[in-house]
Amino acid sequence: MKDQKVKVLDDLLEDVTPGDLILLYGPPKVGKSIFCYQFLYSGLEGGEPCLYIVADYGSRQLEQRMMEFNWFLRPYIQSGDVYIIDLLTRLAGVKVEDSGTLKFSSVQNLTDLMVKVGVGTRSLFRRSSKFRAILDSLTMIFAFNPPSLVLRLVRAYKSRISEAKGVGVVVHTTGTVESQIETSLMDLADLRLCLDGEKIQIESSAGKKSAQYTITDKGIECWGIK
């Protein structure tokens, strides 16, 4: 049986439906990436494969960070249940080659990224009628591209996810772009999920819900939903 505090996080997300795009946002260091790891691993444990776009660090760091919570990704990589697109390793000058479900692209080549997203979503859709997709995060992508191009990327990403009836997450750190760009991001999302370090709040057409949260060795734990 799931820990009751962890279950509250599932309750917050009960209005999410196939095809939805969630904008996960907040200031730095409040647990946005940890939320993504937990969302990924929860899906994998429930039989939902996942596309994970790593944009602010490398795929190796993704595995290492998840192991800190005893979430072991390697078996799912080997089984093909995780399709990873790494945008930073080549930018750091490391020579790497694509493998089965580990692909390398660049924050400077959004066209190539979307081609690989299309391949990844089709691959996962063939494996399961339900899957999850996570883009963590937009920070480096905004740093290397005009904001208008990044918004086009998010629209295309949303379209791919929606077509395949997956559930997508895009991570954004507030204050890193101008306010009108953040407003455009909000408008693109079906649900907006904000973490501020103490409270997690989700807003959708169904209304608003919030809960207190903390980060433990089990990940994000929530309580006091209202």
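Leaving out residues up to four places away in sequence, Phe 72 touches Tyr 41 and Met 67. This is a predicted model. Phe 72 sits in the loop between H3 and helix H4 (74-79). Its relative accessibility is 41%, so Phe 72 counts as partly exposed. Along the chain, Phe 72 and Tyr 41 are 31 residues apart. In space, their C-alpha atoms are 8.5 Å apart.

How do H2 (residues 32-45) and H3 (residues 59-67) cross? Their axes come within 11 Å and cross at roughly 85 degrees. An angle of 65 to 115 degrees counts as roughly perpendicular, so H2 is roughly perpendicular to H3.

**Helix H5 and its neighbours**

Helix H5 covers residues 110-127, which makes 18 residues. From its first C-alpha to its last it reaches 26 Å. That is close to the 26 Å expected at 1.5 Å a residue. Which residues of H5 are buried? They are Leu 110, Leu 113, Met 114, Lys 116, Val 117, Gly 118, Gly 120, Thr 121 and Leu 124. These buried residues pack against four strands: S2 (50-54), S3 (82-86), S4 (102-104) and S5 (132-136). They also pack against helix H6 (139-144) and helix H7 (147-163).

**Around Arg 132 and Glu 48**

Arg 132 lies in strand S5. Glu 48 lies in the loop between H2 and S2. The two residues touch. Is Arg 132 buried or exposed? Its relative accessibility is 15%, so Arg 132 counts as buried. Glu 48, at 14%, counts as buried too. Setting aside residues up to four places away in sequence, Arg 132 touches Phe 39, Ser 42, Gly 43, Glu 48, Pro 49, Cys 50, Leu 51, Leu 124 and Val 167. Leu 124 is one of the buried residues of H5. By the same rule, Glu 48 touches Gly 43, Lys 130, Phe 131 and Arg 132.

**Val 170 in strand S6**

Val 170 is found in strand S6 (residues 167-173). At 1% relative accessibility, Val 170 counts as buried. What does Val 170 contact beyond its neighbours within four places in sequence? Its partners are Leu 21, Ile 22, Leu 23, Leu 24, Leu 135, Leu 138 and Tyr 157. Lys 158 is 12 residues from Val 170 in sequence. The C-alpha atoms of Val 170 and Lys 158 are 9.3 Å apart.

**Cysteines without partners**

A disulfide is a covalent bond between the sulfur atoms of two cysteines. How many disulfides are counted in this model? The count is zero. A pair of cysteine sulfur atoms must lie within 2.5 Å to count. For Cys 36, the closest cysteine sulfur is in Cys 50, at 9.1 Å, so the gap is too far for a bond. For Cys 222, the closest is in Cys 194, at 13 Å, which is also too far for a bond. Cys 36 is buried, at 1% relative accessibility. Cys 222 is buried as well, at 0%.

**Backbone details**

A cis peptide bond joins Asp 136 and Ser 137. Its omega is about 0 degrees. Ser 137 sits in the loop between S5 and H6.

Two residues other than glycine have a positive phi. Lys 29 has a phi near 60 degrees. Lys 29 lies in the loop between strand S1 (21-26) and H2. Asn 70 has a phi near 65 degrees. Are Lys 29 and Asn 70 buried or exposed? Lys 29 is exposed, and Asn 70 is exposed.

The table gathers relative accessibility for some of the residues discussed.

| Residue | Relative accessibility | Class |
|---|---|---|
| Cys 222 | 0% | buried |
| Cys 36 | 1% | buried |
| Val 170 | 1% | buried |
| Glu 48 | 14% | buried |
| Arg 132 | 15% | buried |
| Phe 72 | 41% | partly exposed |
| Asn 70 | 54% | exposed |
| Lys 29 | 85% | exposed |

Conventions. Residues are numbered from 1 along each chain as its sequence is written. This is a predicted model: local features need pLDDT of at least 70, side-chain atom pairs count only at pLDDT 80 or more; totals for chains, interfaces and linings use all residues. Side-chain values use heavy atoms; hydrogens and water are left out. Axes are lines fitted to C-alpha atoms, for helices over the stretch in contact, and angles run from 0 to 180 degrees between N-to-C directions. Angles under 35 degrees count as roughly parallel, over 145 as roughly antiparallel, 65 to 115 as roughly perpendicular and the rest as oblique. The expected span of a helix is 1.5 Å times one less than its number of residues. Buried means under 20% relative accessible area, exposed over 50%, partly exposed in between (1.4 Å probe, protein chains only). Contact means heavy atoms within 4.5 Å.
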